[in-house]
Amino acid sequence: MHSSSLVQLLAAALSIGNALALPQGPSPTKCGPKEVLVRKEWRRLSKTEKQNYLKAVQCLQNAPPQLAHLYPGSKSRFDDFQAAHIELTPLIHWNQDLRKTCNYKGAQPYWDWSLDAVSEDAVLASPIFDPVDGFGGNGAYISDEEAFAFPNLPFVVPGRSGGGCVTDGPFASRPVSLGLGESTEYNPHCLRRDMSPWLLTHSANSDVVDHVMAAPDFWEFNKRAQGGLMPDEITLHGSGHIAIGGNSGDIANVNSSPGDPLFYLHHANLDRVWENWQRKSSANRNSFAGPDNGWAYPFNFFGDIPYSNITTDFALVYSELSASNKISDLMYTNKGPLCYRYE
Ligand SMILES: *[C@@H]1O[C@H](CO)[C@@H](O)[C@H](O)[C@H]1NC(C)=O
Ligand SMILES: [Cu+2]
C-alpha cells in the first residue's frame, strides 16, 4: 500500500479542480468576485457547458505529458494526473490544467450521487452516464469469477452488473494508460466499469449524507465519509468508487482510479459535502485532524501500523504537478489558491 493518507485524499478532494493561479508558497492569491469559479452539479450544466467540459478532458487526453520523466507510462497530460495519483493520491490543478492547457472556461462540475441514489432505476437513468452529454455508462457484463480476478477488492461487489469495457460515451474508445494498481508502467486497456446500482442506493443516499453532515468534528466527519472496506460499511467516498467501478473498473482501484474521468466529479462532490459541513459552524470551519497514513487508525483495516495525527500545518505534496500546500491554506474553497464555490 502506498502511504498517502485518506485524510490527504479528502484534503486533496478539497483542492481538486482548483482554479486560477498556482498556489505558490505563502504569497496570497487574488480571489475576488471576478475570479471565483462556481461549481455546478452535472445536470445543472447546459448542453454546451457539458460538451465544453467533456471536450476539455479529451483535450488533456491528447495533450503531451509533462511528467513522463517520472512516470514512464504517462502518454498524455491526463495520464500525468493519473500517474501522480498512483504515487501520491493527492491531486491538485486538474481544473487549472483544463483551463490552461485546454482553454476550458468553466469550473469543475460535480456529481451529486444522492440525487441518483433514490432508486436503482434512477441510478441507471442518471444524466451523468449519458452517452452524449455525459461520461457513458456501464461496462459489458462479465461473470463474477472473471471480475473477481481483477485486483480491486477482496469480495465480489453485491449487485455488480458490468465489469467489461465501457461501450458508449466519449471515453469508450480511448485506452486508459495506467493501472489497475500501483505500477506507473504503460499498460493500455479499455476503460472498464462494473456498476452496482444497489450499492450506490445503499451507500450514497441522502440519509448517509445526513449522517456524515451531523459529525461533531472533522475526525468523525472523515471517518463517516470514508466508511469501511466491506460492502455494508461503504459510505460516501467508497460508494462513488466501488458502486461504479466494482470488481474490475478503473475508478474502483485505490491507486489508478483517475483513469476514469468520472473520478474528478466524484471527488468534487466529496469536497462539496465537506464544504457544506464546514459552513455549519465556525468550530466545523476550523476543525481538522487525521492520521498521516491512509491505512492507519481509524482506517486500520489491514492491521495496526505506526502513524501520527496531523494538523492543518501538514503540507500536501503533488509530485511535480505543483508546489506543495499547507492544509491551512486550503481550508476555505473561496479564498486563496482554491478560489471556487459550490452552487
Ligand atoms: C489521534 O487522534 C485520535 C482522535 O483524537 C486519538 O484517538 C488517537 O489516539 C490519536 N493518535 C495518536 C497516535 O496520537
Ligand atoms: Cu477517492
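The following dialogue reads selected features of a predicted model.

Trainee: Which angle do the axes of helix α10 and helix α11 make where they cross?

Mentor: The model is a predicted one. In it, helix α10 (residues 236–245) and helix α11 (residues 262–278) have axes that come within 10 Å and cross at roughly 160°. Angles over 145 degrees count as roughly antiparallel, and α10 and α11 therefore fall into that class. Their crossing is right-handed.

Trainee: Which residues make the contact?

Mentor: From α10 the contributors are Leu236, His237, Gly240, His241 and Ile244, and from α11 they are Leu262, Phe263, His266, His267, Leu270 and Val273. Sorted by class, this contact of α10 with α11 holds six nonpolar, five polar and no charged residues.

Trainee: How many residues of α11 are buried?

Mentor: The count is 16 of the 17 residues, so α11 is largely enclosed by the rest of the structure. From first C-alpha to last, α11 reaches 25 Å, close to the 24 Å expected at 1.5 Å a residue.

Trainee: At what angle do helix α2 and helix α4 pack?

Mentor: Helix α2 (residues 47–62) and helix α4 (residues 94–102) have axes 9 Å apart and pack at an angle of about 80°. The range for roughly perpendicular is 65 to 115 degrees, and α2 and α4 are therefore described in that way. On the α2 side the contact is made by Tyr53, Ala56, Val57, Cys59 and Leu60, and on the α4 side by Trp94, Asp97, Leu98, Thr101 and Cys102. By class, this contact of α2 with α4 has eight nonpolar, one polar and one charged residues.

Trainee: Asparagine 103 and cysteine 339 both have a positive phi. Is each of them buried or exposed?

Mentor: Asparagine 103 has phi near 60° and sits in the loop between α4 and α5 (120–124). At 52% relative accessibility, asparagine 103 counts as exposed. Cysteine 339 has a phi of about 60° and lies in the loop between β7 (325–326) and β8 (340–342). Cysteine 339, at 1% relative accessibility, counts as buried.

Trainee: What is methionine 195 in contact with, leaving aside its neighbours within four places in sequence?

Mentor: Its partners include Val123, Leu124, Phe129, Gly159, Ala243 and Ile244. Methionine 195 is placed in the loop between β3 (163–166) and α7 (197–203) and is buried, at 2% relative accessibility. Glycine 159 is 36 residues away along the chain, yet its C-alpha is separated from that of methionine 195 by 7.8 Å. Ile244 also belongs to the α10 side of the contact with α11.

Trainee: How far apart are aspartate 292 and alanine 323 in sequence and in space?

Mentor: They are 31 residues apart in sequence and 19 Å apart in space, C-alpha to C-alpha. Aspartate 292 lies in the loop between β4 (290–291) and β5 (309–310), and is partly exposed, with a relative accessible area of 26%.

Technical notes. Residues numbered from 1 in each chain as written. Chains lettered and ligands numbered in written order. Predicted model: local features only at pLDDT ≥ 70, side-chain atom pairs only at ≥ 80, totals over all residues. Heavy atoms only, no water. Axes fitted to C-alpha atoms, helices over the stretch in contact; angles between N-to-C directions. Helix = DSSP H or I, 4+ residues; strand = E, 2+ residues; numbered from the N terminus. Parallel < 35°, antiparallel > 145°, perpendicular 65-115°, else oblique. Left-handed = near helix turned anticlockwise from the far one by under 90°. Contact = heavy atoms within 4.5 Å. Nonpolar A, V, L, I, M, F, W, Y, C, P; charged D, E, K, R; others polar. Expected span 1.5 Å × (residues − 1). Buried < 20%, exposed > 50% of the residue type's maximum accessible area, 1.4 Å probe, protein only.
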